[in-house]
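Thank you all for coming; I would like to walk you slowly through one structure today.

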Amino acid sequence: MALKPRGESGKTPDVTDHQPWSAETARAIIAANAGREGATLPILHALQETFGCVPEAAEPLVAEALNLSRAEIHGVVTFYHDFRRTPPGRHVLKLCRAEACQARGGDALAADVERGLGIPINSTSADGRVTFEAVYCLGLCASGPAIMIDGKLVARVDAGEGAARVVEACSR
Ligand code: FES
């Protein structure tokens, strides 16, 4: 298993790649996507790509543009684990907690990574270095335990040495 940061330059995309919240920018993103079929999800993804999260302040703007209630938009944002409320750390580590990966040692891996990073799963380190999230299937079920680090999928990550490499990759 080789763990390298994503990106041709070797630079890991980080929180500095995201823009600070701006209602004006949000409105432009919403307007650019509002005509799409099933526009809610594309808009929310585009907002998250730009701001690193879907801030609560965006919900009424999306609702108004799509002629939906704020509660409906809020429901979508909170239903999908992928949408964040706050910007992520410089590294984003997702660890599969679904059954097939659990059966292949996912619990031990999660525990080792939690210990190594010093934070529980589904949290961001206080220094903003890493966001560690649970996901439920990364499509590598036959080759688990699986993780995604800064957008890059990695299969067969074992506890112990594998976990140590993951922690090291998130420390750069
Ligand atoms: S169950 Fe882990 S990748 Fe599918």
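How near do the axes of helix α2 and α4 come, and at what angle do they cross? Before I answer, let me say that this is a predicted model, in which local features need pLDDT of at least 70 and side-chain atom pairs count only at pLDDT 80 or more, while totals for chains, interfaces and linings use all residues. Residues are numbered from 1 along each chain as its sequence is written, and side-chain values use heavy atoms, with hydrogens and water left out.

Now to the two helices. The axes of helix α2, residues 40–51, and of α4 come within 11 Å and cross at roughly 65°, where helices (H or I, at least four residues) and strands (E, at least two) are DSSP runs numbered from the N terminus, and axes are lines fitted to C-alpha atoms, for helices over the stretch in contact, with angles from 0 to 180 degrees between N-to-C directions. Thr-40, Leu-41 and Leu-44 in α2 meet Ile-73, Val-76 and Val-77 in α4, and contact here means heavy atoms within 4.5 Å. By class, this contact of α2 with α4 has five nonpolar residues, one polar and no charged ones, where Ala, Val, Leu, Ile, Met, Phe, Trp, Tyr, Cys and Pro count as nonpolar, Asp, Glu, Lys and Arg as charged, and the others, Gly among them, as polar.

Let me turn to two single residues. Asn-33 is found in helix α1, residues 23–33, and counts as buried because its relative accessibility is 11%; buried means under 20% relative accessible area, exposed over 50%, and partly exposed in between, with a 1.4 Å probe and protein chains only. Not counting residues up to four places away in sequence, Asn-33 touches Ala-39, Pro-42, Ile-43 and Ala-46. Asp-82, by comparison, sits in the loop between α4 (70–79) and β1 (91–96) and counts as partly exposed at 40% relative accessibility. Leaving aside its neighbours within four places in sequence, Asp-82 is in contact with Gln-48 and Lys-94. Asp-82 and His-45 are 37 residues apart in sequence and 8.9 Å apart in space, C-alpha to C-alpha.

Next, the aromatic rings. A search of the whole structure finds three aromatic pairs; rings of Phe, Tyr and Trp (its six-membered ring) pair if their centres lie within 6.5 Å, and planes under 30 degrees apart count as stacked, over 60 as edge-to-face and the rest as tilted. The rings of Trp-21 and Phe-51 have their centres 5.1 Å apart and their planes at 55°, so this pair is tilted. The pair links distant parts of the chain, with Trp-21 in the segment before α1 and Phe-51 in helix α2, 30 residues apart. Is Phe-51 buried or exposed? Phe-51 counts as buried, at 3% relative accessibility, whereas Trp-21 is partly exposed, at 34%.

Finally, the sheet. Five strands form an open sheet in the order β2-β3-β1-β4-β5, with mixed pairing, and two strands pair if DSSP finds at least two bridges between them. The edge strands, each pairing on one side only, are β2 (123–124) and β5 (152–154). Three bridges join β4, residues 147–149, to β5, and these two strands run antiparallel; Ile-147 has Val-154 in β5 as its bridge partner.
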